[in-house]
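Work through the exercises below with the coordinates open. Try each task before reading its solution.

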Amino acid sequence: MEIHIAKTSVVRPAQKTPNHSIWISNLDRLHPHDGHVPLLYFYRRPPLSVSDKSDFFDTSLLKEALSKALVGFYPLAGRLGRDENGRLQIECNGEGALFMEAETSCAVEDE
């Protein structure tokens, strides 16, 4: 499978969010990847009618929705860090979440 990354950007919260640190829970600290879990979503292209020549979907709508969601879920717009004792924590700083747009010629089918 060949994947082409078309665009990468950072989506910041739509409003100012609290700036502080939150410890990672003891349960989360047991995860072998230090708490970072990448997510990947696939969107199936709908069948296009002859008269519909629009793009698959407007990613600016997804980015706008993510920006609004990051206000309430602001730790997801932060960065992983360590406190003075080395304990893993989330630096809630509003830097934003990574948003990548990619394309492939492969079919991803639900089975």
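**Exercise 1: the packing of α2**

The buried residues of α2 pack against β1 (3–11) and β5 (97–104). This is a predicted model, in which local features need pLDDT of at least 70 and side-chain atom pairs count only at pLDDT 80 or more, while totals for chains, interfaces and linings use all residues. Residues are numbered from 1 along each chain as its sequence is written, and side-chain values use heavy atoms, with hydrogens and water left out. Helices (H or I, at least four residues) and strands (E, at least two) are DSSP runs, numbered from the N terminus.

Task: check the span of helix α2, then sort its residues by burial.

Solution.
- Step 1. The expected span of a helix is 1.5 Å times one less than its number of residues. Helix α2 (residues 59–72) has 14 residues, so it should span 20 Å; its end C-alpha atoms lie 21 Å apart, which agrees.
- Step 2. Apply the cut-offs: buried is under 20% relative accessible area, exposed is over 50%, and partly exposed is in between (1.4 Å probe, protein chains only). In α2, T59, K63, S67 and L70 come out buried.
- Step 3. Seen down the axis of α2, these buried residues fall within an arc of 85°, so they line one face of the helix. The arc is taken from the directions from the helix axis to the C-beta atoms.
- Step 4. Turn to the face away from the buried side of α2: L61, K68 and G72 are exposed there.

**Exercise 2: the surroundings of S9**

Task: which residues does S9 contact, leaving aside its neighbours within four places in sequence?

Solution.
- Step 1. Locate S9: strand β1 holds it.
- Step 2. Search for contacts (heavy atoms within 4.5 Å). With those neighbours within four places left aside, S9 touches K63, A97, L98 and F99.
- Step 3. Look at the side chains of S9 and K63: a polar contact of 3.3 Å joins them. Such a contact is a pair of N or O atoms within 3.5 Å; within protein, one must be able to donate a hydrogen and the other to accept it, and residues adjacent in sequence count only if both atoms are side-chain atoms.

**Exercise 3: the open sheet**

Task: in what order do the three strands of the open sheet run?

Solution.
- Step 1. The order is β2-β4-β3, with antiparallel pairing. Two strands pair if DSSP finds at least two bridges between them.
- Step 2. β2 (20–23) and β3 (79–82) are the edge strands, each pairing on one side only.
- Step 3. β2 and β4 (residues 88–92) pair over four bridges. I22 stands opposite I90 in β4.
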